[in-house]
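Let's take a friendly walk through a protein model together. Have a look at it first, and then we will go through it piece by piece.

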Amino acid sequence: MIDQREKEYLLAVADAIPRELMVISMDHIICAANKFAKDIYGEDIIGKRCYEIYFGMDSPCIKCKINQVVEGEDKRQEGSFADLYFEDKVTLFPMIGPDGKQCVVRLDFDITAMDQLEKKLHLSNTFLHNLILSAVDAVIAADKKGKIFIFNDAASKILGYPREDALSCVDIRDIYPGDMAREVMKKLRNKDHGGPGKLKSYRVELLTKQGELIPVELNASIIYENGVEVATIGFFHDLRETINMEKELEETRMQLYQSSKMAALGNLAAGVAHQLNNPLSSIILFSELLLEEELEDRIKQDLTRILENAKRCKDTVKELLEFSRQGGGTPFFADLNKAIDRTLFLLEKHSLFKNIKIIKKYDLGLPEIKCDVQQLNHVFMNIIWNAAQAMKGKGTLYIITQKLPGEKVKIEFCDTGPGIDEEILPNIFDPFFSTKKQGDGLGLGLSIAYRIVENHKGKIRAYNKEQGGACFEIILPVNRG
Ligand SMILES: Nc1ncnc2c1ncn2[C@@H]1O[C@H](COP(=O)(O)OP(=O)(O)OP(=O)(O)O)[C@@H](O)[C@H]1O
Ligand SMILES: [Mg+2]
């Protein structure tokens with residue numbers, strides 16, 4: 001039972017509420033009102049009709065809600081508000097008065113609006129939540145102790161942690177390699193990297209669950225509450241695709257540069273070959289004719305020397321013509337495994353190959369490719385010969401063929417020699433580039449190979465293996481069209 005003192009408290013509470021609070025009987029008479037209501041409508045409102053004091057009318061409002069509240073029409077169904085009836089700006093609810101009679105409490109407090117506001121807040125929170133979760137970039141937020149409390153799907157995808165794991169047992173320091181987390185925080189607190197508490201377009205690496213390092217661009221900020229640092233949030237953009245694209249672009253640029261150099265040399269070679277071909281043919285023809293005559297031995301010897309040297313010149317001219325594409329034969333479909341074997345058959349007889357082990361890993365399902373196989377033999381020969389020279393006649397040469405998706409084949413030659421100096425790597429396909437002493441190399445082998453592969457609409461590149469040795473990779477389309 002409620003005692004007198006408690007009653008007094010409750011009355012004081014009603015008066016302390018800075019809202020209109022009234023009790024209205026079913027015949028619209030104001031039975032009670034708190035101080036706030038009396039301050040507005042006058043001390044004498046008790047006993048007056050509600051429609052009089054609110055609207056100055058002499059009969060109840062047409063849309064009076066009092067009966068509806070009591071009879072239960074339009075009531076909200078859910079929760080503890082089941083007995084409330086909502087007007088536009090006030091809240092009405094039924095009550096039994098001290099005389100046992102039904103009446104209605106009127107509170108000028110718009111619970112509906114509050115409720116709607118709450119709903120809107122909830123909706124916008126859900127929207128923001130979904131926005132973060134489905135963002136393309138990884139979004140990760142952590143509190144001051146490093147505990148992660150936001151970790152979206154993209155973050156899971158990049159870092160390999162399921163969200164639940166990241167939220168429960170991953171520390172923000174775990175996703176950075178070494179001391180990087182501290183470095184990032186230092187930069188964030190320094191105003192030089194995008195303003196205080198901000199870090200813009202900073203390239204870092206993230207450490208995945210599997211221990212892989214992923215390059216990312218980080219935009220981060222510190223979250224403050226009343227000027228106090230409470231958390232950090234980071235947006236991480238995966239740079240792997242961009243870096244690959246940059247690399248491809250650079251490679252294409254290099255190839256273009258290479259191609260233009262080759263084209264210039266091709267024209268020059270074609271011109272020189274054309275000029276030399278006819279006089280050389282004459283020298284050979286007349287030397288041969290002369291040799292058929294009765295001559296002194298001494299003259300015969302000299303003539304033979306002239307003939308041999310002229311033939312060597314003719315071979316070089318042939319080489320130049322091939323280089324400038326004028327010596328190409330008709331393309332047909334050929335088996336490259338067999339073509340490589342044929343080249344090896346010729347080379348293996350040479351003493352340089354005596355102590356070279358050749359390990360072949362051929363793709364037996366390698367499709368035949370449309371090519372000028374004579375020219376490709378030339379490519380293989382130059383590369384294999386270079387490898388043997390680099391290994392100084394001792395080592396292992398791996399030859400690998402492989403069918404690639406998209407109607408392509410790959411041929412790789414890897415040796416166990418000293419590899420190619422990174423500094424000269426961009427130059428080795430240049431005409432007349434050689435590191436060999438005079439007489440050992442002209443520096444033409446790889447430039448010819450480059451031109452031939454290019455004519456086949458293929459690609460050739462050289463690189464060094466981590467464990468040492470040089471590799472030459474050739475990719476050719478099955479049908480060059
Ligand atoms: N397998 C290899 N290992 C190390 N360096 C190599 C290898 N293949 C080529 N090179 C380097 O590339 C340079 C150019 O090779 P390229 O075949 O074009 O010319 P060359 O062998 O010097 O002369 P040529 O082929 O005209 O006789 C070589 O001088 C050498 O420095
Ligand atoms: Mg060579």
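Which residue takes a positive phi in the hairpin of β4 and β5? Gly 100 does, with a phi near 80°, in a hairpin that has five residues between the strands.

## Before we start

This is a predicted model, in which local features need pLDDT of at least 70 and side-chain atom pairs count only at pLDDT 80 or more, while totals for chains, interfaces and linings use all residues. Residues are numbered from 1 along each chain as its sequence is written, and chains are lettered from A and ligands numbered from 1 in the order in which they are written.

The names of helices and strands follow DSSP runs, numbered from the N terminus: a helix is H or I with at least four residues, and a strand is E with at least two. The domain assignment, which is automatic or comes from a database, gives domain 1 (4-114), domain 2 (134-238), domain 3 (243-327) and domain 4 (329-481). The C-alpha centres of domain 3 and domain 4 lie 21 Å apart.

Strand β4 (residues 91-96) runs antiparallel to strand β5 (residues 102-107), and six bridges join them. Two strands count as paired if DSSP finds at least two bridges between them. Pro 94 has Val 104 in β5 as its bridge partner.

## An antiparallel sheet

Here is a sheet that is open and antiparallel: its five strands come in the order β7-β6-β10-β9-β8. Because β7 (148-151) and β8 (198-207) stand at the edges with a single partner strand each, one side of each has no neighbour in the sheet. From one strand to the next, the twist averages 25°.

Helix α8 (residues 180-189) lies across β8, β9 (213-225) and β10 (228-238), and runs at about 180° to β8. Such angles run from 0 to 180 degrees between N-to-C directions, and axes are lines fitted to C-alpha atoms, for helices over the stretch in contact.

## A mixed sheet

What is the strand order of the open sheet with mixed pairing? Its five strands follow the order β12-β14-β15-β17-β16. The edge strands are β12 (355-361) and β16 (459-464), each with a single partner strand, so one side of each is left without a neighbour in the sheet. Neighbouring strands are turned by 15° against each other on average, direction ignored.

Seven bridges pair β12 with strand β14 (residues 394-404) in the parallel sense, and Lys 357 stands opposite Thr 396 in β14. Helix α11 (residues 336-347) lies across β12, β14 and β15 (408-415), running at about 160° to β14.

Helices α12 and α13 pack at an angle of about 145°, with their axes 9 Å apart. Residues in contact have C-beta atoms, placed from the backbone, within 7 Å; among those of α12 are Leu 376 and Trp 385, which belong to the group that meets residues of α13 including Gly 445 and Ile 452. The residues of this contact divide into nine nonpolar, five polar and no charged. Here Ala, Val, Leu, Ile, Met, Phe, Trp, Tyr, Cys and Pro count as nonpolar, Asp, Glu, Lys and Arg as charged, and the others, Gly among them, as polar.

Ligand 1 is surrounded by 20 residues, and the closest are Ala 390, Ser 434, Gly 441, Gly 445 and Leu 446. A residue is near a molecule if its C-beta atom, placed from the backbone, lies within 6 Å of it. α12 (373-390) and α13 (445-455) each supply at least two residues of this shell, and α12 gives the most, with four. The shell divides into nine nonpolar, nine polar and two charged residues.

Methods. Two residues are in contact if their C-beta atoms, placed from the backbone, lie within 7 Å.
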